[in-house]
Amino acid sequence: TTLAPAHPLTDGRTSDAPLVQALRGVRPSVTPVWFMRQAGRSLPEYLEVRRGTGMLEACLRPELAAEITLQPVRRHGVDAAIFFSDIVVPLRLAGVDVDIAPGVGPVMDQPYRTAADVDRLVSRRLDDDALEPIRQAVALTVAELGSTPLIGFGGAPFTLAAYLVEGRPSRDHLAARTLMHADPETWARLVAWTADLTGAFLRAQVSAGASAVQLFDSWAGSLSAADYAARVAPASTRALSHVADLRFGPDGGGVPAIHFGTGTGHLLPLMRGVLVDAGLTHHAVGVDYRTPLDEAAALLPGVPLQGNVDPALLAAPWPVLEAHVRDVLQRGQAAPGHVLNLGHGVPPETDPTVLTRVVELVHSP
Ligand code: 1CP
């Protein structure tokens, strides 16, 4: 499917943007930088527009979602916008009773743990029509962004399944990891279903104008490499396959993709394999702060990397943070392309002027 000429990767708006170049393995003149969770509670302008509106409700109001997506781009001058939404939005659009509780995160009406629970869940379908607010929000955002690319995203099947099986945020995802072994067949049906849901969510964002995608497998680090390879990677490949046939521009390249998790030092080659198996040739692996980028580059020869400033250092004195950012930039030279980011999301109490200063440093080191 070659996308309409109006797509930003096709009409030239974002095809040479530093982020897109870095994800293609080319070193742009400046290192691109954006921050996971750059929208949200660190910004007073976010708290202002969110007042009185629930998280999921905000995600489903296109003008509001577009405005929140644009706020950190205007303020910090980052090289990419990340779509304001949540990994559980497609669950809600498929009719699952999920809410995002303030200060907690995604909470289900019940944990989905037995074969019967999973049967009921996977009988739900996500109608293409239900994705209309997502497409509208993306289109409104992209119309304002000009040459700054929008990154679309989705939750990886394991991370989504962890919330569904646990019913709420958990530390070690014990119930999910138990189900994977106690009833592998039910597990496989669950992650195939979450893969298709995230795949449809990603496809809606890319077809409406997103110039890259990021698959968040935030909790994959709790898995052994053997479990990840056997029980999770095939579903993640399935999720990303939903966007692999979308082609852009004269060279007909696929959408650039980033695969991110935390605590995944032992999984990096497998996570890269998911991108390759999905057929996404332009890609990067996201690395959290535990694995230095030069070590990640040695594990992933020839692969662009994203990361990995330690979010804890955002609250340290500037000279400490500055030295750390310079060290990350230096180690990032070991990869063919580097997108500077945090090792995980912006902590809500972060002083936003510090983020702006990091962007300035990365652009003029
Ligand atoms: O009311 C609020 O402000 C709620 C806080 C909030 C926000 C701003 C949540 C609840 N989600 C979001 C937006 C969000 N979620 C974004 C878009 C904006 C941006 O990055 O600037 C993205 C990419 C996500 C993705 C997301 N949601 C992930 C993957 C990224 C990560 O942080 O690992 C995960 C795990 C979630 C679940 C979730 N949603 C919200 C919370 C607090 C959580 C985590 C809960 C937990 O600890 O398990």
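Me: R37 has its place in the loop between α1 (18–23) and α2 (44–50). In this predicted model, is R37 buried, partly exposed or exposed?

Reply: Count the other C-beta atoms within 10 Å of R37 and you get 17. Buried needs 20 or more, and exposed needs 12 or fewer. R37 falls in between, so the label is partly exposed.

Me: What is phi of R37, roughly?

Reply: Most residues other than glycine have a negative phi. R37 is a residue other than glycine with a positive value, near 60°.

Me: H173 also has a positive phi, near 55°, and isn't a glycine. Is H173 buried or exposed?

Reply: H173 lies in the loop between α8 and α9 (174–182). The cut-off for buried is 20 or more other C-beta atoms within 10 Å. H173 has 23 such neighbours, so H173 counts as buried.

Me: Staying with α8, how many of the 10 residues of this helix (residues 157–166) are buried?

Reply: The list takes in P157, F158, T159, L160, A161, A162, Y163, L164, V165 and E166. α8 is therefore largely enclosed by the rest of the structure, and its buried count is 10 of the 10.

Me: And which residue follows α8, with a positive phi?

Reply: Phi there is near 90°. The residue that comes after α8 is G167.

Me: Now the packing: are α6 (residues 115–122) and α10 (residues 184–207) roughly parallel or roughly antiparallel?

Reply: Their axes come within 10 Å and cross at roughly 25°. Angles under 35 degrees count as roughly parallel. So α6 relative to α10 is roughly parallel.

Me: How many residues of the contact of α6 with α10 are nonpolar?

Reply: From α6 come A115, V118, L121 and V122, which meet T186, R189, L190 and W193 of α10. That set holds 1 polar and 1 charged residue, and the nonpolar count is 6. The crossing itself is left-handed, while the nonpolar number asked for stays at 6.

Me: Helix α7 (residues 132–145) meets α10 too. Is the crossing of α7 with α10 left-handed or right-handed?

Reply: The two axes come within 8 Å and cross at roughly 35°. I134, R135 and V138 of α7 meet F201, A204 and Q205 of α10, a contact with 4 nonpolar, 1 polar and 1 charged residue. As for the handedness, α7 passes α10 in a crossing that is right-handed.

Me: Which residue is joined to G307 by a cis peptide bond?

Reply: Most peptide bonds are trans. Omega is about -20° for this cis one.

Me: Last one: what separates the C-alpha atoms of S364 and V30?

Reply: S364 is found in the segment after α15 (352–363) and counts as exposed, with 7 C-beta neighbours inside 10 Å. Along the chain S364 and V30 are 334 residues apart, yet their C-alpha atoms are separated by 7.8 Å.

Notes
Residues numbered from 1 in each chain as written. Predicted model: local features only at pLDDT ≥ 70, side-chain atom pairs only at ≥ 80, totals over all residues. Axes fitted to C-alpha atoms, helices over the stretch in contact; angles between N-to-C directions. Helix = DSSP H or I, 4+ residues; strand = E, 2+ residues; numbered from the N terminus. Parallel < 35°, antiparallel > 145°, perpendicular 65-115°, else oblique. Left-handed = near helix turned anticlockwise from the far one by under 90°. Contact = placed C-beta atoms within 7 Å. Nonpolar A, V, L, I, M, F, W, Y, C, P; charged D, E, K, R; others polar.
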